[in-house]
Amino acid sequence: MYKPQNSMPLESYQVVSPADNQTNFLAGQTIRMTIPRNIGFFDPHTSRLRIQCSVANMNYKMCFVDSVASLIDMVRISVGGVVLQEVTEYATLHKVITDYSESTAIGQRRAIASGRVDYSHDFIGYTQAPAAGSNRINAANGAKSVSSGCYRGQPLNGDASTNIATSAKICKFELDLAGIGLFELLKVVPCIAIGDIMIELRLVNNDADALKVLPSSAVPVAGLTWTAGQPVLNIPLANVSSNFSNLADCPYAVGMHLSACRNDTGALTRTVVAGNDYTIQSIAQNDATGAFTITFTGNIAAGDSTANVAASTCCVITAGADGAAAPAATTNFVINRCDLLLNVIRPPQQYMESMARKVAAGQMMLDLNNYTTYRDTLQPAIKLQTINIPSFVSRAKAVMCVPRLVQNPAFTINGATDRNVRGQWGPGNTNNNGVWDGGLENYRWQVGEKYYPNQPVELDQMLGGYHFSAQHIVELEKCLANQTSIPTRNLLSAKQNFVIGRALSKHGSSVNLEKGIRCYLEYNNVADPRSACDVVTFVNHINRVLITPEGIEVLS
């Protein structure tokens, strides 16, 4: 195969290959795209998937659960009905690869292209509806992660200073198909020899599997002055710049309700005297200072003013643009267009003639990096458990287990029921959020009849959340490095996105799995895990594609 580093003259240009069934795609539907044979050759490593997406029927501003990859459940690549590779639970796989392989700088840049919006420490613990008899709006809801907050991406809505319906916009996102072997090749793919390549993207079944309320909607803004008798609230840019910066990415929309809060006990609580909700009539931003001016339909009550209640210095969204506290269950995403941006290569004539001779002799082949997905379940309150992985593929290189919370995703302003594709070390607390007060104590693999490593990998250093386990990091790094050399650049993800990994071979080689794999887990105490976990396992292996005059054959 031709490699980019070879000294050979090339002609290169980009073409747009649209979806075959181009229409508006909704949850549960499948997008089909064809890379036609007459393309000749294309460079997969520099090709991208472009998705134009919007959101409809919302009363809060929305964003992706993680990135535009959250929309995709399955990726399948086939030629003439022969499947070259198929990856399910793609959003989880993409999350693992990007979390560990992207440094902060790379992550910030790609967050803009892929629409990634992460949680930050500011989003921890907000609950919109206080318990009966309580004036608190901050409950111990726990952390989704301990994010740096730098992955801000963009919401799927724009400026809602007129109304939230007009804020809906079609956003363009570009996605690197990480983990899809055909698009990881550092070689030119000869469509002219392979034939028409079909790419199928099956979308997630439910809108809540891909979307969440923009996290800044749940963040109380502090340091404000509520003035009685005035219908205006001024918000300096400095008070909100860590979460949003302009009318387009701010969470506010005309028709939403705001309430005054207090911050005198370290936890935000409703104002004791009145606690009125104020409906937003208009929103404006000063071009020079960036300050926001929110005008209400009525005047601020004396009981909510900072002069009368000294601690009344915060505000928080308490209802959506339709006046309902809960996000609209009818909110849905719409993919308006999906294209492949292919970088087409035109090699010289002598190379094409040489390739034709190889095909005629049956000597042309492609090795594709592939992931096969397996599912298992961890039951609550069972100290010793086993993850069974019935994989018997040849040319296996690594295995990764991602224990996720069993969830029923639904839209909430506080993110309590957002879909979470991160791996959980626990969960070891009663709030089921994976806070580091309990969880796994050790694990060990069994490949065939042999145990790896000889002694279990101890995780007790991670109890309490203060330390990493050095041995676990080493095992995980070896696992990632063996999968087409995924670099480990972000160790914070070792806790945010807990993955149990094992390299099955060394130095880029592979092994035959003849008797399956097992992973033995031991939790810290008999009460752990406190919740059931849905374990998604990815076995990384190589598929060899033989290209002959009669067609193609896949050896896995």
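The model is predicted: local features need pLDDT of at least 70, side-chain atom pairs count only at pLDDT 80 or more, and totals for chains, interfaces and linings use all residues. Residues are numbered from 1 along each chain as its sequence is written, and side-chain values use heavy atoms, with hydrogens and water left out.

**Overall make-up**
- The protein has seven helices and 26 strands; these are DSSP runs numbered from the N terminus (helices: H or I, at least four residues; strands: E, at least two).
- Of its 556 residues, 55% are buried (under 20% relative accessible area; exposed is over 50%, partly exposed in between; 1.4 Å probe, protein chains only).
- Among contacts (heavy atoms within 4.5 Å) with a separation of 6 or more, 79% join residues 24 or more positions apart.

**Cysteines**
- The whole structure contains zero disulfides, a disulfide being a pair of cysteine sulfur atoms within 2.5 Å.
- Cys-479 is in no disulfide, and the nearest cysteine sulfur, that of Cys-401, is 9.3 Å away.
- Cys-479 is buried, at 0% relative accessibility, and Cys-63 is buried at 0% relative accessibility.

**Helix H2**
- Gly-107, Ala-111 and Ser-114 are buried in helix H2, which spans residues 104-114.
- Seen down the axis, the buried residues of H2 fall within an arc of 85 degrees, so they line one face of the helix; the arc is that of the directions from the helix axis to the C-beta atoms.
- The face turned away from this buried side carries the exposed residues Ala-105, Arg-109 and Ile-112.
- The cover over the buried residues of H2 includes strand E4 (62-64) and strand E7 (171-175).
- Just after H2, Gly-115 has a positive phi of about 75 degrees.
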